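Please look through the sequence and the model before reading on.

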Amino acid sequence: MGLIQAQRGTRDILPSEIAYWQQVEATARSILSRAAFEEIRTPIFEQTDLFERGIGEATDVVGKEMYTFQDKGERSLTLRPEGTAGVVRAFIEHGLHAQGGVQRLWYMGPMFRYERPGTGRQRQFHQLGVELLGSGNIRADAEVIAIAVDFLQAVGLTDLQLELNSLGTREDRSQYRSLLVDYLTPYKADLDPDSQDRLRRNPLRILDSKDAKTQTILQEAPRLGQSLSAASQERFANVQQLLTDLGIVYALNPKLVRGLDYYSHTAFEFQSAQFGTVGGGGRYDGLVTELGGPETLAIGWAIGLERLIGLLQQLKPTQATTTDFYIVSKGEDAELQALKLAQTLRKTGFKAELDLSGSAFGKQFKRADRSGAIACFILGDAEAANQTVQVKWLATGEQQSLSQADLPTLASTLHQQIASIREKGNGAV
Ligand code: HAM
């Protein structure tokens with residue numbers, strides 16, 4: 001029997017790259033809690049209907065990409081392909097709207113889409129998302145976009161391009177859809193096969209086609225912006241003005257339509273040269289009623305964490321975490337004292353790694369060097385006999401002897417020493 005491997009389109013996130021994930025997660029928690037967003041965790045699988053009704057049957061996500069299965073009770077279930085539908089279901093089910101005002105929710109976790117795996121494209125991937133429910137105010141649009149910009153800047157991505165469009169109301173889009181279909185139908189045979197299929201199912205998505213010939217045909221096509229009502233156009237102009245007032249740089253993209261059907265008015269994406277769309281979102285004013293809840297205007301976004309971290313890894317090629325102290329010991333008494341010492345150090349806030357090999361000091365010292373620790377604690381027979389420990393500062397080789405009993409009182413001095421060594425760059429994160 002062959003070795004069992006991770007499934008196509010899934011990836012293990014190994015300890016060597018976990019520091020990126022932890023940094024991104026910590027930054028998200030901090031930025032979002034300062035913006036008064038609260039975390040929500042919804043189930044990984046939901047009733048299939050939720051996504052069919054919420055995301056739209058004509059979308060690629062629902063039509064081609066869902067992991068749908070029957071459970072033993074013959075229910076049709078689907079692994080969530082995105083987070084918004086589940087959050088809205090929870091919002092309605094728990095009557096969060098009854099609390100009045102605006103609900104500001106965020107989430108982070110795995111999503112599943114049966115796509116062709118490639119650079120930045122997986123079948124299990126992770127999203128960080130926010131949903132602001134209960135406001136149709138244009139300031140909500142500006143605030144939600146500003147928070148995405150804040151988060152991206154805080155993790156260190158400053159060169160993503162923010163693209164913006166307005167999808168107007170359902171009526172605006174329906175009018176535009178007929179204009180677009182009328183325009184494209186005579187060219188049907190020249191469109192790429194996906195677009196031919198979309199002409200019937202979901203014509204607006206043709207705007208998104210990557211096919212050169214289709215894009216040439218689209219050059220003369222009617223523009224969505226021209227089909228927007230005066231009120232939709234004014235709303236969009238006001239959102240743009242707010243973004244400008246906030247100093248947020250954006251580019252208008254009249255072909256930006258998004259891949260999920262629930263959007264209206266403001267739609268936006270963050271683009272990178274390497275992975276294409278890193279994040280996207282928009283207003284979804286009709287989704288809560290579509291799923292059986294009271295009329296609730298809402299807007300949100302989600303960022304793909306694999307794509308985000310892929311970019312960070314290029315900007316900052318190493319992001320190792322290091323140990324404060326690596327403890328080596330030899331001899332029965334010394335090894336017992338080292339075991340206790342490791343616990344004392346951890347209780348006083350240090351990150352301490354205990355060498356458990358029992359090998360000769362020479363080998364243990366080599367491992368101490370490789371561990372990236374700031375200092376090595378050494379316990380041999382002599383130290384064990386007089387209850388001391390040798391501390392060797394690895395960057396300089398400087399060594400000092402300390403009484404084990406004094407360690408808790410020396411903790412704050414040691415913390416300061418470690419911090420100043422790290423600041424000078426003698427250690428990673
Ligand atoms: P989305 O544009 O479908 O929006 O996905 C958001 C992000 O998830 C994408 O920009 C991309 O970075 C990442 N992503 C999507 N599919 C994959 C994949 N197969 N592999 C790796 N990353 C992927 C939504 O999901 C909406 N729920 C966003 C939203 C929230 N709109 C309003 N609220």
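How many bridges join β1 to strand β5? Two bridges do so, and β1 and β5 (residues 103-112) run parallel; strands here are DSSP runs of E with at least two residues, helices are DSSP runs of H or I with at least four residues, and both are numbered from the N terminus. Two strands pair if DSSP finds at least two bridges between them.

This is a predicted model, in which local features need pLDDT of at least 70 and side-chain atom pairs count only at pLDDT 80 or more, while totals for chains, interfaces and linings use all residues. Residues are numbered from 1 along each chain as its sequence is written, and side-chain values use heavy atoms, with hydrogens and water left out.

The open sheet has eight strands in the order β1-β5-β6-β11-β10-β9-β7-β8, with mixed pairing.

| Edge strand | Residues |
|---|---|
| β1 | 38-39 |
| β8 | 251-252 |

The protein is divided into domain 1 (18-168 + 228-315) and domain 2 (325-424), with bounds from an automatic or database domain assignment, and the two centres, taken over C-alpha atoms, are separated by 47 Å.

Arg 198 lies in helix α7 (residues 193-201), and Arg 198 counts as buried because its relative accessibility is 9%, where buried means under 20% relative accessible area, with a 1.4 Å probe and protein chains only. The C-alpha atoms of Arg 198 and Ala 58 are 8.5 Å apart, although 140 residues separate them along the chain.

Key: Buried < 20%, exposed > 50% of the residue type's maximum accessible area, 1.4 Å probe, protein only.
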